[in-house]
Amino acid sequence: MKQKQILGFIAAAIGLLLVPLVLQNFGNAWVRIADMALLYVLLALGLNIVVGFAGLLDLGYVAFFAIGAYMYGLMASPHLVETFPAIAAMFPEGMHTPIWLVIPLAAGLAGLFGILLGAPTLRLRGDYLAIVTLGFGEIIRVFMNNLDHPVNITNGPKGLGQIDSLHVFGLDLGKKLMIGEYEIASVSLYYYLFLSLVLVSILVCHRLELSRVGRAWMAIREDEIAAKAMGINTRNLKLMAFGMGATFGGVSGAMFASFQGFISPESFSLMESVMIVAMVVLGGIGHLPGVILGAVLLSALPEVLRYVAGPLQSLTDGRLDASILRQLLVAVAMISIMLLRPRGLWPSPDHGKSLNNKA
């Protein structure tokens with residue numbers, strides 16, 4: 001059995017490594033879809049800590065995505081140098097933040113904001129918690145949209161451009177790599193960076209799930225009053241869940257800013273938060289393989305349906321807008337799946353059954 005598992009892991013690893021090299025033969029657009037799917041997996045894993053493990057409904061998770069993206073955008077673009085003479089004097093060659101500083105800063109800043117969000121919401125549950133977190137997400141987006149006067153910090157609705165690509169071990173991920181006569185596109189290089197971050201995140205989430213902290217989160221999710229009666233410090237553990245989940249969003253946001261080279265408040269709308277929650281719920285709440293499956297499907301499905309919406313639009317002589325039609329098809333697919341599989345596509349096994357299997 002172990003040999004089969006090892007062979008399966010090796011086959012999966014080889015497959016994941018070959019994905020961008022195969023896809024780039026069909027065009028870089030397909031590799032970009034794979035890149036964005038990995039970023040959404042990272043976001044869904046972070047939200048799963050808050051929603052899946054701790055049972056705290058967070059509808060403002062996109063705020064941490066925005067915080068990470070704007071942090072990197074400000075520290076790796078000419079905006080601050082051009083706006084503030086003092087910063088220009090400190091960095092005469094411009095601010096070019098290395099990746100080894102970007103990831104800890106993005107994780108730390110987003111984690112801090114996660115704790116700040118969690119602190120005033122400790123007494124809230126269910127719908128009330130969802131409304132407050134939703135408001136937090138919108139507040140961050142509105143701030144990003146309006147912090148261009150009286151002091152221009154975020155450049156407002158115009159967004160931040162000319163953001164540096166990331167450099168890893170001297171390799172510029174924004175430029176293609178030539179190995180002999182074989183070309184590896186920039187989007188494929190980003191794929192490998194995002195894949196490594198996702199694998200590290202899966203390992204962290206898996207270890208958290210099996211730890212005492214993870215079991216305490218699940219106890220809070222099932223019955224907070226009973227958990228408190230058993231001596232679990234629910235206040236600290238809730239704050240830890242918000243903070244830990246937010247770090248994933250911050251790192252993903254920084255990677256997104258570097259990958260796109262441009263960010264604006266429009267990229268961090270309420271719809272993004274709803275989609276990330278849908279990924280967690282659709283895949284299987286609290287179950288890591290299910291969350292990954294839900295993130296990959298929901299991030300790739302709208303792009304794949306682009307090829308279905310086009311012919312349907314031509315059949316109606318252009319009376320149906322292709323983008324609206326795609327959203328309709330995604331909604332129909334989600335409703336169908338949730339009716340057929342109410343616990344998600346890949347739900348977590350029952351706790352009693354899993355214990356019996358281990359025994």
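Colleague: How does the radius of gyration of the chain compare with that of a compact globule?

Modeller: The radius of gyration is taken over C-alpha atoms, and the globule rule is 2.2 Å times the number of residues to the power 0.38. For 359 residues the rule gives a value near 21 Å, and the chain has 21 Å, so the two agree. The C-alpha trace spans about 60 × 50 × 45 Å along its principal axes. This is a predicted model, in which local features need pLDDT of at least 70 and side-chain atom pairs count only at pLDDT 80 or more, while totals for chains, interfaces and linings use all residues. Residues are numbered from 1 along each chain as its sequence is written, and side-chain values use heavy atoms, with hydrogens and water left out.

Colleague: What percentage of the residues is buried?

Modeller: Buried means under 20% relative accessible area, exposed over 50%, and partly exposed in between (1.4 Å probe, protein chains only). In the chain, 43% of the 359 residues are buried.

Colleague: Which contacts does N28 make beyond its neighbours within four places in sequence?

Modeller: Contact means heavy atoms within 4.5 Å. By that criterion N28 touches A185 and V187. N28 and V187 lie 159 residues apart in sequence, yet their C-alpha atoms are 6.9 Å apart. Across the chain, 74% of the contacts with a separation of 6 or more join residues 24 or more positions apart.

Colleague: Is N28 buried, partly exposed or exposed?

Modeller: N28 has a relative accessible area of 38% and is therefore partly exposed.
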